[in-house]
Amino acid sequence: RDLDVPWGLVLRDDGSALVTLRDSGDVLHVHPGEDPVVLGTVPGLAPDGEGGLLGIAAAPEDPARIFVYLTTAEDNRVLRMRLADGELGPAEAVLTGIPRSSIHNGGRIAFGPDGHLYVATGDASAAGAAQDPDSLAGKILRVDTDGLPAPGNPAPGSPVWSLGHRNVQGLGWDDDGRMFASEFGQNTWDELNRIEPGGNYGWPEVEGTAGADGFIDPVQQWRPAEASPSGIAVTADAVYVAALRGQSLWRVPLSEDGDTGEAQRLLHEEYGRLRTVVADDGALWLLTSNTFRGSPAEDDDRVIVLDPAELG
């Protein structure tokens, strides 16, 4: 509790978690029921509006290799560090040059089932960049642990995995390797998309379901007042979507073939704005986001761990 703008969360094998604080640049080690411990402060941070220290991920083959996404004075970038003896070691930039702005910085990073790092970016207030295959803005990128374009990307030598995104905020995969991503819309529709390599998701030409040639429609959409979707967690039977403005956790049922059912609204206004959700061993970990654009409760912001079976 009492955290200042927490943003990203990655779980550890011992049941603890690492949490990023957006404005201070601190990385916390969080054990349930204990006071958080600061492992280090990420250098080069230039927090500005929605930018700052955002996503965090750990390499699956070496969980001590920690990756973070942050906003600097020049760009958004991904850094690599090593966690040893309770401290984060020196930071090394592995992916730079992602356009930055005070809004639409993306920021979620996650390792996919293929072992490669996926990086969600925003259009950085330049909507047309989302359709430019040579720009890193408005994309989902797929790179190796050195930040180089991963083998098998749609365009050889390019890190771009999908394009036409306004501001991707959540990444996740089901048990069959199908990829999902949440995305802030503008004024009309927020989206949950099923991501295909090389897919074009339409921004800024379309928003929400359009049925337009050349663009992939979302599998779920919401009015921004109901969602403003941030992080997602994909389980065997559902995609859970943390909603900021909507102050809810949305549960989107998944069938065996990857189709989605009618979304169910959970935790409406119980914890305020929800930034991040992560699933692990039958539990859901949530980060609230009420100390930024919210109405903080006495103990905000918080890390909350829930049993999804108790949510209805």
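**View 1. His165 is buried, with a relative accessible area of 0%.** Buried here means under 20% relative accessible area, with exposed over 50% and partly exposed in between, for a 1.4 Å probe and protein chains only. This is a predicted model: local features need pLDDT of at least 70, side-chain atom pairs count only at pLDDT 80 or more, and totals for chains, interfaces and linings use all residues. Residues are numbered from 1 along each chain as its sequence is written, and side-chain values use heavy atoms, leaving out hydrogens and water. His165 sits in the loop between β13 (160–163) and β14; strands are DSSP runs of E, at least two residues long, numbered from the N terminus. Skip the neighbours within four places in sequence, and His165 still touches (heavy atoms within 4.5 Å) Asp123, Ala130, Gly138, Lys139, Ile140, Glu183, Ile195, Tyr201 and Trp203.

**View 2. The side chains of His165 and Glu183 meet in a polar contact at 2.9 Å.** A polar contact is a pair of N or O atoms within 3.5 Å; within protein, one must be able to donate a hydrogen and the other to accept it, and residues adjacent in sequence count only if both atoms are side-chain atoms. Follow Glu183 and you land in the sheet: Glu183 stands opposite Glu191 in β16.

**View 3. Four strands line up as an open sheet, β14-β15-β16-β17, with antiparallel pairing.** At the edges are β14 (168–173) and β17 (220–222), each pairing on one side only. Strands count as paired if DSSP finds at least two bridges between them. Strand β15 (residues 179–183) runs antiparallel to β16, with 5 bridges joining them, and a hairpin of 6 residues links the two. On to the next pair: β16 (residues 190–195) and β17 are antiparallel too, over 3 bridges, and here Glu191 faces Gln221 in β17. Why is β16 largely enclosed by the rest of the structure? Because 5 of its 6 residues are buried.

**View 4. A search of the whole structure turns up 1 cavity of 30 Å³ or more.** A cavity is a set of points on a 1 Å grid over the protein atoms alone where a 1.4 Å probe fits but cannot get out, and lining residues have an atom within 4 Å of a point. Points are joined across faces, edges and corners, and the volume is the space filled by probe spheres set on them. The largest cavity comes to about 40 Å³. Its lining takes in Arg166, Glu183, Phe184, Gly185, Glu191, Tyr201, Trp203, Val206 and Glu207.

**View 5. Asp300 lies in the loop between β23 (283–288) and β24 (303–306).** Asp300 is buried, with a relative accessible area of 8%. Its side chain makes a polar contact with the side chain of Asn290 at 2.9 Å, and also reaches the backbone nitrogen of Ala297 at 2.8 Å. Beyond four places in sequence, the residues in contact with Asp300 are Asp2, Leu3, Thr288, Asn290, Thr291 and Ser295. How far is Asp300 from Val5, C-alpha to C-alpha? The two are 9.1 Å apart in space, yet 295 residues apart in sequence.

Note on methods
1 Å grid on protein atoms, 1.4 Å probe; cavity = no way out; pocket = protein on both sides within 12 Å on 5 of 7 lines; lining within 4 Å.
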